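Visitor: Could you walk me through reading strand pairing and charged contacts in a model like this one?
Guide: Gladly, let's look together.

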Amino acid sequence: MTRWVRYAAIAVGAALVAFAAAWVAGSMCDREFNSTTETIIKRPPLDVWLAVTDYDSIPRWHPDFAKAEMLSATKWKGFFKDGFVATYEVTQFQLGRLVEAAQVERNLPYWGRFSFELEEVPEGTRLTIRSHVEVDPPLTRLLARLMEPPGEQIATIASSLKRYIEAQ
């Protein structure tokens, strides 16, 4: 066996060990992520409500969406910047106070639901965002934990939404 063949065999073996270690580490990560964040938006609840229920405008404030399309009064499709496409359906609705939506498809590497709760406060509107995400493939779980933990992701979304609404 030549030296180059040995080096290639060692490299392939090391890659397989690294892949197996990442798979095991991802398998040990929680499959479900629950996050909650609150922010005060210096606008009346109606302004916040109109922004969070205008699904076509989501790409203007949500950092992960490239495009969104309304499909019906209660369904919309989100086109993510990473190429995934997901359909969402409103599952709870209290006019001016709460909207919750859940992903329809279960064939993607993740499934999720989220809600926006609004409460009038002296400074404007307290917005509470709750997110529940389920991630199946172990490598995707590991990457999600390492790249952008769910708590940070939802805080980024809330911050972007706040900037969008207050700039109007």
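**Hairpins and salt bridges**

Guide: In the hairpin of S4 and S5, 3 residues lie between the strands, and Gly96 takes a positive phi near 75°. This is a predicted model, where local features need pLDDT of at least 70 and side-chain atom pairs count only at pLDDT 80 or more, while totals for chains, interfaces and linings use all residues. Residues are numbered from 1 along each chain as its sequence is written, and side-chain values use heavy atoms, leaving out hydrogens and water.

Visitor: How many bridges join S4 to strand S5?
Guide: Two strands pair if DSSP finds at least two bridges between them; strands are DSSP runs of E, at least two residues, numbered from the N terminus. Here 6 bridges join S4 to S5 (residues 98-103), and the two run antiparallel. Gln92 has Glu100 in S5 as its bridge partner.

Visitor: Which residue stands opposite Tyr88 in S4?
Guide: That is Trp76. Strands S3 (residues 75-80) and S4 (residues 85-94) are antiparallel, joined by 5 bridges.

Visitor: What should I look for in charged side chains?
Guide: Side chains of opposite charge can pair when their charged atoms come close. A salt bridge needs a side-chain nitrogen of Lys or Arg within 4 Å of a carboxyl oxygen of Asp or Glu. The structure holds 5 salt bridges. One of them joins Glu117 and Arg130, with the closest N and O atoms 2.6 Å apart. This pair links distant parts of the chain, 13 residues apart: Glu117 is in strand S6 (residues 110-121) and Arg130 in strand S7 (residues 124-135).

How values were computed. Helices (H or I, at least four residues) and strands (E, at least two) are DSSP runs, numbered from the N terminus.
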